[in-house]
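Work through the exercises below with the sequence and the structure at hand. Each task is followed by a solution in steps.

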Number of protein chains: 2
Amino acid sequence: MTKRADITIDDVAEAAGVSRQTVSRVINRGPHVKPLVRDRVQKAIDSLGYVPNLSARRMAGSRSYLILAINDRKRTIENWAAGRGNDWVDQMLFGGMTECERQGYHLLFELIDTETEPALRQLANVSGALRPDGVILTPPHSDNEALCAWLTERSIPFARIGHRVGSHSVDVFMDEAGAAHEATRGLIALGHSRIAYIAGAPNYGASAQRISGYEQALREAGATLETSMVATGGFSFQAAADIIDGMLKSSPAPSAFICDNDEMAFAALHVAASHGFSAPQDLSVISFEDTPGVRFSVPPLTAVRQPTAAMIARACERLIAISRGEEGWGAFQIPYELIMRDSTGPAP
Amino acid sequence: MTKRADITIDDVAEAAGVSRQTVSRVINRGPHVKPLVRDRVQKAIDSLGYVPNLSARRMAGSRSYLILAINDRKRTIENWAAGRGNDWVDQMLFGGMTECERQGYHLLFELIDTETEPALRQLANVSGALRPDGVILTPPHSDNEALCAWLTERSIPFARIGHRVGSHSVDVFMDEAGAAHEATRGLIALGHSRIAYIAGAPNYGASAQRISGYEQALREAGATLETSMVATGGFSFQAAADIIDGMLKSSPAPSAFICDNDEMAFAALHVAASHGFSAPQDLSVISFEDTPGVRFSVPPLTAVRQPTAAMIARACERLIAISRGEEGWGAFQIPYELIMRDSTGPAP
DNA sequence: TCCTTAATTGTGATCGCTCCCAATTTGACT
DNA sequence: AGTCAAATTGGGAGCGATCACAATTAAGGA
């Protein structure tokens, strides 16, 4: 095993015949370096294969070149443990990593608890250890004012995904109400009049927005809002199945279901089949998640595709800009996509 | 915004009335600290909310408390872009993060190219910047000797997932041949005699092992091996569909398919349906992936569940042990699971 | 041509921690 | 009690970069 000393900035400086500081300027694209010198230094960097040590940069400077993405531990672990997977995490990684890499940053992913007290402690720990240049909060943490206050107090830039009220933060969200409105309107246009909405959890912020869009579309169509058509299925197959079963037994039964996630949409298809109904002939189903599996369900699900990757990418981009001292705060709406597949059709 | 100086080890030392070094010993669970002093220091740490700065630790010491997991860029990005997702990534994160967190480490996830030359450059960059205490190589990189040599040369401990030859590395794998053998034997027991194997890619190491297990099971049953029953479907729905279509048109057609991934297994179900066959009555299908979607296909797929999370967790655990100076090298076989669902049944 | 100002380069000091080694205390055993 | 070794503490150097500022060089104008 060859012993090889690591190459430092001083090695490069010596090789290029300049001072350490000049090399640093070249690395950081700083001004005040003659083009001739810059080239010479760059050549030395390349030939020596020099890579700046992030830890040292963080120690000396104010940046860590790290973005920290935070997810809810309970929900994430449950999904993993249940074999349900976390497509959301996968999407986050896609968007976040791609953007970070583009900018010479690195994305770190961590889980913290839902309850404020342990969450705060865990955030303090990971943020204290890593000193990220920015933190991305996803639901439900993006709505946690205590966490946001903690970050604000310490001047750590943060982004809130799925939140659109923020003052001194980066808010990145999609138009949940608009998507639900469009989905509902589409079903109405297909002749559906009894459209049920199966929400995830009562405290799930996006649900409220979606339901308002759903109700608005119904109102615009002159339909009456029936509370019996809106229920909460806990994001789970079984709970949703029970509810949907009840709805299909009522009369008149709904002819269309909008579900907050794929699993509940699958439940709708499944329960409908047990009643002898099949989509899209006898009923229509739209999901609000669009995980990879929906392409292979029977029939493939029509779904609102959440722009998770794009939202995280945007969040990273803004946070990195802020860490560079540029302007970055603001609210950013990312377009969603309603993907028509075969689970929706004309009302029977 | 309150200006708050960060709490350093010296603050703790002062508060506890000891030297910096003693605090360091307490943090690192070093020996040679009186229990009484240890308690006093620990109390100071807790009350001040002190968290050691990872960058500083890395600068001064030899550890970075970072484990780097590396994935193939091309395949990963393609999956993401195609909306196919990367359940594998999700699983890696699950296993890796859980274990790292348990040990006070952090997991970093990065993508590098397939070809050796750029891969080497990218590995040098990320490893130079982050100085991880260990690197996890996943297929196909786990079979790349150039990468392994590079890491060995620099004394960076690494783990190879799905590889079982390694000398100075941590090898973590599952019994691919055994799993294929068990799956095949199961089909034979159900009366199937014409069993096709749809492999992923020609250079996909696991395929070769699985096929050998598959062939062994056939041989043990006294069946003849037909080369026409083994084909490569490129992991893709369409390519696999074409191949399977051809097989089903031949006579006698296979009555069972073992596929290297879920997507190709879905293709089998789909194509079979177009021929008027449906599983499990007319044919059986087994997949070698088990992503979350298989639970909702019709019928739900019987599949070999890859212990991805467990493999990554084990790799992290071993690498962390090594970074602590303990013994860690070796080969570790992680048990797989053959999950019976409804896509397999008696031969027609 | 000389002087002022701007553009370029270089020089410690410093970030927070662990390393190595010396100083001190404690304990065990003559 | 006295000695020697072991256990416990502390002190200073240094990791590899950036920062603030000083020193140098080049450019522009009278």
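**Exercise 1: the interface between the chains**

Between them, chain B and chain A bury about 4,900 Å², and 59% of it lies on carbon and sulfur atoms; buried area is the accessible area (1.4 Å probe) that two parts lose on being put together, summed over both. The model is predicted: local features need pLDDT of at least 70, side-chain atom pairs count only at pLDDT 80 or more, and totals for chains, interfaces and linings use all residues. Residues are numbered from 1 along each chain as its sequence is written, chains are lettered from A and ligands numbered from 1 in the order in which they are written, and side-chain values use heavy atoms, with hydrogens and water left out.

Task: State how many residues of chain B and chain A the contact takes, and how many salt bridges cross the interface.

Solution. 
1. Contact means heavy atoms within 4.5 Å. It takes 55 residues from chain B and 54 residues from chain A.
2. The rule for a salt bridge asks for a side-chain nitrogen of Lys or Arg within 4 Å of a carboxyl oxygen of Asp or Glu. It finds 6 salt bridges across the interface of chain B and chain A.
3. One salt bridge joins the side chains of Glu101(B) and Arg73(A), at 2.0 Å from N to O.

**Exercise 2: the relation of the copies**

Solution. 
1. The same surface serves both copies, as 98% of the contact residues of chain B recur in chain A.

**Exercise 3: DNA strand C**

Task: Determine how many residues surround DNA strand C, and which polar atoms meet its phosphate and base oxygens.

Solution. 
1. Count a residue as near if one of its heavy atoms lies within 4 Å of the strand. DNA strand C is surrounded by 27 residues, with Ser19(A), Ile9(B), Gln21(B), Ser24(B) and Tyr50(B) the closest.
2. Of the atoms of DNA strand C that come within 4 Å of the protein, 57% belong to sugar and phosphate.
3. At phosphate oxygens of DNA strand C, a polar backbone atom of Ile9(B) is 2.3 Å away, and a polar side-chain atom of Ser24(B) lies at 2.6 Å.
4. A side-chain N or O atom of Arg20(B) is 3.0 Å from a base oxygen of DNA strand C.

Notes. Polar contact = N/O pair within 3.5 Å; in protein donor to acceptor, adjacent residues only side chain to side chain.
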